[in-house]
Amino acid sequence: MNARRASTSEAAREYRQRGHDDALRFALAIGLNRDYRRDQAAKKDVIDPAGDAHSVKAGRRKWQIFLYRRNRFLDDDGFQALNGVGSLLVHCIDAFPPRYSDYEDNKDSAKLRLQTPMRELKDRFQRKALLRAFLRKSIFNGGEVQYLTVLHDGMFCVYWSDDVVTAMADAFEVVNSTARRGGEFDAQKVLFRHGGQNVGELEMRNDSPGHYGEVRFNMNRPPCLALLDAVGFETDEWSPEVRLYGRSIRTFGHW
C-alpha cells in the first residue's frame, strides 16, 4: 500500500513538472523571459505581454480542470452563484462519510446517496446558459483567464475563452454514467459527451485516503480536440510555434 501511494505521488509530481515545462515553453515562444508571470491558483499558467492569461494544456490523455474539496465550493462565490450547482457539488461530497475507513466499510451506501445530487446536476446542465456558466467558471475561473492554449503536434494552439465555452456548451450532451458491470451503480458521474465519446467527466475521487472527498472534473484530450476541430475555426499562424484560432486572431499578440 505504501509503495502504491509513493508511486502515485511521484507520478503527480512528474505531471506537475511537465505542466510547468510546457508553460515555460509557451512563455518563451511568445517572447517572455524564464521568470514569466503566472498565477496558478487562478488558473493563469502564463500571463502574456498584453496582460491576458492563458490556461496551458498539453497532457496526452486527460486534462484536469479542477480537483476541489468541500470548502472551495462553499467559499468561492463563483460556484455559489451557479444556481445551486455549488451546493449540489457539496452534496456530492457529503454523500460520503467523513472518514475514509467508514467509506471502505460500506461503499455501496455512499454510492447510492451520490446518485441523487449527480442526477440533479445532470438535470441542471440541460440549461445551456447554466452549462456555459459552469464551463466558464471551471476552465477559465469565471472569465479571469482569457485563453485556452493547447500544445498539439508541436504547436501551441490558442483559443479565445468564449469560443471554447460556446463550442462545448453547444455540442455537449450531458448525461449520467451507467453501470456496466456487476457491483457498479448508475449515476456516479456527470458525463459531457460529443460524437459518442466522453469529453468531460465530473466525478468524486475516493480512490485513496489522500484524495478522499474531492470532486474532480477532467477533460479527455482526443475527443476535446476533435470537438474544437469540428467547429471549423478560422486559423492564423502567429509564429512557427503559435497558431491562433477563431477570435484569438483578433485579440492575441497585440503588444
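Strands here (E, at least two residues) and helices (H or I, at least four) are DSSP runs, numbered from the N terminus. Before going on, a word on the source: this is a predicted model, where local features need pLDDT of at least 70 and side-chain atom pairs count only at pLDDT 80 or more, while totals for chains, interfaces and linings use all residues. Residues are numbered from 1 along each chain as its sequence is written, and side-chain values use heavy atoms, with hydrogens and water left out.

Asp153 sits in the loop between β4 and β5. Is Asp153 buried or exposed? With 71% relative accessibility, Asp153 counts as exposed. The cut-offs go like this: buried is under 20% relative accessible area, exposed is over 50%, and partly exposed is in between, using a 1.4 Å probe and protein chains only. Asp153 and Glu241 are 88 residues apart along the chain, yet their C-alpha atoms are separated by 10.0 Å.

Now look at β5 itself. Six of its six residues are buried. On one side you find Met155, Cys157 and Tyr159, on the other Phe156, Val158 and Trp160, and both faces are covered.

With β4, the pairing is antiparallel over six bridges, and Leu148 stands opposite Tyr159.

## The five-stranded sheet

Elsewhere, five strands form an open sheet in the order β3-β9-β8-β7-β6, with antiparallel pairing. Which strands stand at the edges? They are β3 (62-68) and β6 (173-176); each has a single partner strand, so one side of each is left without a neighbour in the sheet. On average, neighbouring strands of this sheet are turned by 20 degrees against each other, direction ignored.

Four bridges join β6 to β7 in the antiparallel sense, and Val175 has Leu191 in β7 as its bridge partner. Next, β7 (residues 189-194) pairs with β8 (residues 197-205) over six bridges, again antiparallel. Two of the residue pairs here are Lys189 with Glu203 and Arg193 with Asn198. β7 and β8 form a hairpin too, with two residues between them, and Gly195 in the turn has a positive phi of about 60 degrees.

## Helices that pack together

Two packed helices are described by the angle between their axes and the distance between the axes. The axes are lines fitted to C-alpha atoms, for helices over the stretch in contact, and the angles run from 0 to 180 degrees between N-to-C directions.

| Helix pair | Angle | Axis distance |
|---|---|---|
| α7 (residues 128-140) and α8 (residues 161-171) | roughly 135 degrees | within 9 Å |
| α8 and α9 (residues 221-231) | about 100 degrees | 10 Å |

The angle of the α7 and α8 pair makes α7 oblique to α8, while α8 and α9 are roughly perpendicular to each other. The naming works like this: under 35 degrees is roughly parallel, over 145 is roughly antiparallel, 65 to 115 is roughly perpendicular, and the rest is oblique.

Which residues actually touch? Contact means heavy atoms within 4.5 Å. Between α7 and α8, the contact includes Leu131, Leu135 and Ile139 of α7 and Val164, Val165 and Met168 of α8. The residues of this contact divide into eight nonpolar, one polar and five charged. For that count, Ala, Val, Leu, Ile, Met, Phe, Trp, Tyr, Cys and Pro are nonpolar, Asp, Glu, Lys and Arg are charged, and the others, Gly among them, are polar.

On the α9 side, Val164, Ala167, Met168 and Ala171 of α8 meet Cys224, Leu227, Leu228 and Val231 of α9. This contact has eight nonpolar residues, no polar and no charged.α8 has a number of buried residues, among them Ser161, Asp163 and Val165.

One more helix is worth a look. α4 (residues 85-94) is mostly covered, with seven of its 10 residues buried. Those buried residues are Val85, Gly86, Leu88, Leu89, Val90, Cys92 and Ile93.

Key. Pairing = 2+ DSSP bridges.
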